[in-house]
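Subject: Structure for your review

Dear colleague,

Please find below the structure that I am handing over to you. My findings follow it, and I would be grateful if you would read them with the coordinates open.

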Amino acid sequence: MLIFVIFALITFCVGFVTWGYLWPKGINEVLFYGPIEREEVNMLNKHSGDNDPVQIKKIVKLDHRRILDKLQKQGSKIENLEEQMDKLQKQNEEILSILRKMKSS
């Protein structure tokens, strides 16, 4: 157990120094709300010195698409949670009505 804690601390520190680049994918997802795509990071690094408008548009479109995908996934998660909340509220109301009937009897 102690070895795991030490390994986790070392991994966290190394990733923190490299701005999360050396963190495992799971830590990136938890801390930054989604995976960091290595291909997009490489493309940004490769063309960071270029001022080519075509490349910049491609990178922006990739980022825009990735953000939209994340938003759609989060929206569907929210819809699922709302449905679950509605079901739980109905079940809660049913339980309360049964308890009231039992109490009045």
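This is a predicted model: local features need pLDDT of at least 70, side-chain atom pairs count only at pLDDT 80 or more; totals for chains, interfaces and linings use all residues.

A residue is called buried when its relative accessible area is under 20%, exposed when that value is over 50%, and partly exposed in between.

Fold and confidence

The chain contains four helices and zero strands, so that reading from the N terminus gives the order α-α-α-α. Among contacts with a separation of 6 or more, 16% join residues 24 or more positions apart. The mean pLDDT of the chain is 77, and 65% of the residues reach at least 70. Confidence is highest in helix H4, with a mean of 89, and lowest in helix H3 (residues 38–46), where the mean is 57.

Surface

The chain exposes about 9500 Å², of which carbon and sulfur atoms supply 64%. A nonpolar surface patch of about 490 Å² is formed by Ile95, Leu96, Ile98, Leu99 and Met102. Of these residues, Leu99 belongs to helix H4, which spans residues 53–104. Is Leu99 buried, or is it partly exposed? Its relative accessible area is 47%, and Leu99 therefore counts as partly exposed.

Salt bridge

How many salt bridges does the count give? The count comes to one. The partners are Arg66 and Asp63, whose side chains meet at 3.5 Å, N to O. Side chains of opposite charge can pair when their charged atoms come close. Both Arg66 and Asp63 lie in helix H4, where they are three residues apart, or about one turn of the helix. Arg66 has a relative accessibility of 26% and is therefore partly exposed. Asp63, at 23%, is likewise classed as partly exposed, because a residue counts as buried only under 20%.

With kind regards

Notes
Residues are numbered from 1 along each chain as its sequence is written. Side-chain values use heavy atoms; hydrogens and water are left out. Helices (H or I, at least four residues) and strands (E, at least two) are DSSP runs, numbered from the N terminus. Contact means heavy atoms within 4.5 Å. Accessible areas come from the Shrake-Rupley method with a 1.4 Å probe; for residues, only the protein chains shown count as cover. Patches are made of residues with over 30% relative accessible area and no salt bridge: like charges are joined within 9 Å, nonpolar side chains (Val, Leu, Ile, Met, Phe, Trp, Tyr) within 5 Å. A salt bridge is a side-chain nitrogen of Lys or Arg within 4 Å of a carboxyl oxygen of Asp or Glu. Buried means under 20% relative accessible area, exposed over 50%, partly exposed in between (1.4 Å probe, protein chains only). pLDDT is the predictor's confidence in each residue, from 0 to 100.
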